[in-house]
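Colleague: Could you walk me through this one while I have it open? I'd like to jump around a bit.

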Amino acid sequence: MFTLAEVASLSDIQPTYRILKPWWDVFMDYLAVVMLMVAIFAGTMQLTKDQVVCLPVLQSTVNSKVQPDTSGKADFTTVETTTGQEEASMRTVPFSSAPTVTPDILSRATSSQYQPTESGQELKKEQKDSSGRKTNLDFQQYVFINQMCYHLALPWYSKYFPYLVLIHTIILIVSSNFWFKYPKTCSKIEHFVSILGKCFESPWTTKALSETACEDSEENKQRLTGAQSLPKYVSTSSDEGSPSASTPMITKSGFKFSADKPMIEIPSVTILDKKDGEQAKALFEKVRKFRAHVEDSDLIYKLYVGQTVIKTVKFIFILCYTANFVNTISFEHICNPKVEHLIGYTQFECTHNMAYMLKKLLISYISLICVYGFICLYTLFWLFRIPLKEYSFEKVREESSFSDIPDVKNDFAFLLHMVDQYDQLYSKRFGVFLSEVSENKLRGISLNHEWTYEKLRQHVSRNAQDKQELHLFMLSGVPDAVFDLTDLDVLKLELIPEAKITAKISQMTNLQELHLYHCPAKVEQTAFSFLRDHLRCLHVKFTDVAEIPAWVYLLKTLRELYLIGNLNSENNKMIGLESLRELRHLKILHVKSNLTKIPPNITDVAPHLTKLVIHNDGTKLVVLNSLKKMTNVAELELQNCELERIPHAIFSLSNLQELDLKSNSIRTIEEIISFQHLKRLTCLKLWHNKIVSIPSSITHIKNLESLYLSNNKLETLPAAVFSLQKLRCLDVSYNSIAVIPVEIGLLQNLQHFHITGNKVDVLPKQLFKCVKLRTLSLGQNCITSIPDKVSQLLQLTYLELKGNCLDRLPATLGQCQLLRKSGLIVEDHLFDALPSEVKEVLNQDTSIPFANGI
């Protein structure tokens, strides 16, 4: 027999699980404990009390029971039974003078059938005093009959009632708590209870709810005391405001400007230190992962329904069979053991000593089972009355400012329904950690604690344009202290998904350039007004076109716009470039993407656009007709667009001054003759292509000042190139040119000449007639000597000779007055071989900068 403690352990659930036990589960647990006590009490009594007591039925006693006693005295038959080593005796004695029965008397009575009496008078006297009959059975025979009749005459339900109650109770206890024990549900429940407890006790929960209450009270107060006195651009809504009538609305992308709310000092109810903030951020992550793990299945719900159905079926079964056997528990039973050859009697009358008590316990048990069953039926009614696999935080959203708390489903919803039966406050506090608004508030607090004004000031640097620049990378938001850097010129925000630009940006009067790299920033209305009036340059890098903030297309004073991201042909219409009509002062448009055609809506800014840059990722740019309308474009770059020829649309750009067709697949440039109509064209960049020859028609581009043909497949330089008298920069590096034509001497205005990475072996003397040369790149060729006439290049500041076959350097290098060692790119041993006075001249410091022209 197992102990009560062992049975009780079946219902021993961790105290933390109590929040998932509604009142009916708690009540059923107590009923199960009472039923368990009934079973143990009944079983204990059965083991400690006599089971049955039987007497043989005598044939002659049947009639004697009917006849009255002639003496007129009432007789009483006394039967005593012993369970130890005592003997049994049965006598009939007068009620008025019943003698005390002692073991001696019993012994004499039972042994009288074997021993003869000493005198007949004594025997007659004894028979005269007794009116009953002897059974002539000894104690062992009575014990034997009692055992036989216990199993034959006593109904099985009377014998096993305590054990049945115990088994049923154990099954009910197991059924009630199986969902807490089953591994696939236990792990989820344990995780949920753990997170729920931490969310309930988290200081952030209290702070968030308290500040919500403060905000609500302040907003009500503000509405009552005069919201009409606010400026027109200020909205009184809690999250997002509407722009004034003069501000264009953005409707296509669903964007709304968030309002600049009145500055209200909200008392801090709870001081959230760094440790509490980190714990709260961890809780947000745990809740997010738990939701993803649990919300896709309904195993916990099905298991709870299943165990409730099992308990209900068990209740019906117990009630049905118990009602049939309740009357079988009685005090008297007739036993026919069929052992007449051993005892001498065929029939016995037996009494069940525990019948009365067992019947009372059975009635109590049936009552408990009925109550238990009705509770099970109520549980089933609750399970199927409402959709427990859906849970709405609508009430929480109405009571708090966290309007984005999502509704949940499946096991997640069922667990929250169960928690509501314990205390609805748990769900309300738990909902705080499902809100992105709440999470963003927490991130903002933690961010402001970490990124103080002093720390941000340390990250400010000077860029190449000598402007103060701050680059923030992978933060949870934009720290408030950023807007206190009033002298900042450039602000770069990269990989900040929840960036929000507040009204405090109006303090940054020097800010003219903003970079948003994968950062769909939101702006308040006042901040937008400031950016619209002050921002001059904007860089936007994105993965999807939807990441481009809609307010970008409303910046009327914007002069430079850089769009870097995926803009394939399917998404061209989604770019929103039709909104570029509002960018009335836009001068430079830079698009780095994968376009197959130039979006026709770019022509909206054609009247005032002066520079257009399109950098493709290797996607072939086919349709270029839109270029014809950009008559004011002065600089055009079409890089990495897989162009095979110079697009004809370019020849219509009468104001074009610089054309860059870098990194395409151009093989022939016979169309270059059409450039003669572009009177203002001064710079032509055809580098990194596959050009094999330069047509003589290039001589018609009279005003050309810079020609870049590096990284092509040129083998010769035609004399027509040297007829361009205005040419100041010629770059033919990294081709296969073997000879520098003597006609190069005609380029009297040439200042930068680059022929690095070719096959030149001899330098013509006419080269040194170009006395205005400042940069001369001759590296990685086959040159064996440098003529002494290099001394004629008095303005030379940069000379590259490294990678040739030189044995020595001319001593006349010292006569190049502006050349210094830093501008002389040559092997160390050649420099060391120079005369000491030449090296001394080259080592002199100079403040005159050199330029390489690239």
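**Annotated segments, core and a serine**

Modeller: Bearing in mind that this is a predicted model, we can begin with residues 160–180, where the chain is 100% helix and 0% strand and the end C-alpha atoms lie 31 Å apart.

Colleague: Which residues does the UniProt annotation "transmembrane region" cover?

Modeller: According to the unreviewed UniProt entry, that annotation covers residues 27–47, 160–180 and 362–384. Over residues 27–47 the chain is likewise 100% helix and 0% strand, with its end C-alpha atoms 31 Å apart.

Colleague: Switching topic, which residues touch the most other members in the largest nonpolar core?

Modeller: Those are Phe675 and Phe753, in a core that numbers 133 residues. Helix H19, spanning residues 525–534, gives the most to this core, contributing four residues. Apart from that core lies another one, of 81 residues, which includes Leu166, Ile300, Phe412 and Met418.

Colleague: And what does phenylalanine 753 touch, not counting residues up to four places away in sequence?

Modeller: With those sequence neighbours set aside, phenylalanine 753 touches Leu730, Val732, Ile740, Ile744, Leu767, Leu773, Thr775, Leu776 and Ser777.

Colleague: Where is serine 697 found, and is serine 697 buried or exposed?

Modeller: Serine 697 sits in the loop between strand S20 (683–685) and strand S21 (706–708). Serine 697 counts as buried because its relative accessibility is 12%, and the cut-off for buried is under 20%.

Colleague: What does serine 697 touch, again leaving out residues up to four places away in sequence?

Modeller: On that basis, serine 697 touches Glu670, Ile672 and Ile673.

Terms used: Residues numbered from 1 in each chain as written. Predicted model: local features only at pLDDT ≥ 70, side-chain atom pairs only at ≥ 80, totals over all residues. Heavy atoms only, no water. Helix = DSSP H or I, 4+ residues; strand = E, 2+ residues; numbered from the N terminus. Buried < 20%, exposed > 50% of the residue type's maximum accessible area, 1.4 Å probe, protein only. Contact = heavy atoms within 4.5 Å. Core = buried A, V, L, I, M, F, W, Y, C linked by side-chain atoms within 4.5 Å. UniProt positions renumbered as here; feature names shortened; annotations may be inferred.
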